[in-house]
Amino acid sequence: MNINELLRLSETLDAKGLIEKSYHLFKPKIISSTSFGITSGVIIDLICKLNLPIEIVYVNTGFFFKETLEYIEILKNFYKNANFVEVKASENKEIFLKKFGYDIFKKDPDFCCRERKVKPFYDYIRKKDIRAWISGIRKEQTDFRRTLNRIEILDSGLVKIYPLLNWTSKDVYNYMKDNNIPFHPLYEKGYTSIGCEPCTELPDFYDERSGRWKGLCKKECGLHLEIK
Ligand code: SF4
């Protein structure tokens, strides 16, 4: 198996198959990421059912909802074989806010996301010399995500794998129900996409990510915008 074969197979493999083949091609230099959002359980479940030792990396920005912190513990208990890795911004949240302002997420959310999320994540990727990254993003979430293929190779050579790219929110919901995956505690309060607390509100009913950075044209934290 080489990358060209994986690219060819990526058209037909199901989500589980794509994760498994990718793992065997890139191990041990492959990770997955999670935001512990509403739909995060699916990728975690697939990796754990395959029993693969893939690190499931999350960036703790310091601005999580308390319910997200609870959810992390719920999933850690639920998936005892999951290899969760927490990555943090190098600067303590209080120092960061004091330095850049307590309204930094309103004043300059791109800067805040870059410092608190994107940089720590890519620093981790570089430090560990990661070659492939599995992410659960889906086409229907944003216009940018609609432009992606199930496998993308960044200019840096990093290979991004999107097993759920063509799944709808209904597919995700059904999978979570059918597999008894715990839901994020804020799901029952009407949230359909969860990020940091200061930048997440209840969504408009027609758009699952409309509660994120509400009132701004920003739709992505930037993690997935590094040259698609
Ligand atoms: S989502 Fe908001 S609080 Fe979180 S890193 Fe981005 S701007 Fe900062």
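In the predicted model, Asn180 is placed in the segment after H9. The phi of Asn180 is positive, about 55°, although this residue is not a glycine. Asn180 is exposed, with a relative accessible area of 59%. Cys217 is likewise found in the segment after H9. With a relative accessible area of 77%, Cys217 counts as exposed because the cut-off for that class is over 50%. Between Cys217 and Met176 there are 41 residues in sequence and 30 Å in space, taken from C-alpha to C-alpha.

Other backbone features occur in loops and next to helices. Asp129 is located in the loop between H7 and E4, and its phi is near 55°, a positive value in a residue other than glycine. At 47% relative accessibility, Asp129 is partly exposed. Asn51, which follows H3, has a positive phi near 60°. Lys27 and Pro28 are joined by a cis peptide bond, with omega about 0°; Pro28 belongs to the loop between H2 and strand E1 (30-33).

Helix H3 is mostly covered, nine of its 10 residues being buried. These buried residues are Gly41, Val42, Ile43, Ile44, Asp45, Leu46, Ile47, Cys48 and Leu50. Leaving aside residues up to four places away in sequence, Ile44 touches Thr34, Phe36, Ile56, Leu75, Tyr79 and Phe84.

Two further buried positions illustrate contacts between separate parts of the chain. Ala15 lies in helix H2 and, at 6% relative accessibility, counts as buried because the limit for burial is under 20%. When residues up to four places away in sequence are not counted, the contacts of Ala15 are Leu46, Arg150, Pro163, Leu164 and Trp167. Ala15 and Ser32 are separated by 17 residues in sequence and by 13 Å in space, C-alpha to C-alpha.

Ile137 is found in the loop between strand E4 (132-134) and helix H8 (143-146). This residue is buried, with a relative accessible area of 5%. Not counting residues up to four places away in sequence, Ile137 is in contact with Arg145, Leu148, Tyr162, Leu164, Leu165 and His224. Ile137 and Ile43 are 94 residues apart in sequence, and their C-alpha atoms are 9.8 Å apart in space.

The ligand takes up the space of the second largest cavity. Around the ligand are Phe63, Phe105, Pro109, Cys112, Cys113, Arg116, Cys196, Cys199 and Trp213. By class, this shell has eight nonpolar residues, no polar residues and one charged residue. Helix H7 (residues 109-127) gives the most to the shell, with four residues.

Notes. Residues numbered from 1 in each chain as written. Predicted model: local features only at pLDDT ≥ 70, side-chain atom pairs only at ≥ 80, totals over all residues. Heavy atoms only, no water. Near = heavy atom within 4 Å. 1 Å grid on protein atoms, 1.4 Å probe; cavity = no way out; pocket = protein on both sides within 12 Å on 5 of 7 lines; lining within 4 Å. Sits in = over half its atoms within 2 Å of the grid points. Helix = DSSP H or I, 4+ residues; strand = E, 2+ residues; numbered from the N terminus. Nonpolar A, V, L, I, M, F, W, Y, C, P; charged D, E, K, R; others polar. Buried < 20%, exposed > 50% of the residue type's maximum accessible area, 1.4 Å probe, protein only. Contact = heavy atoms within 4.5 Å.
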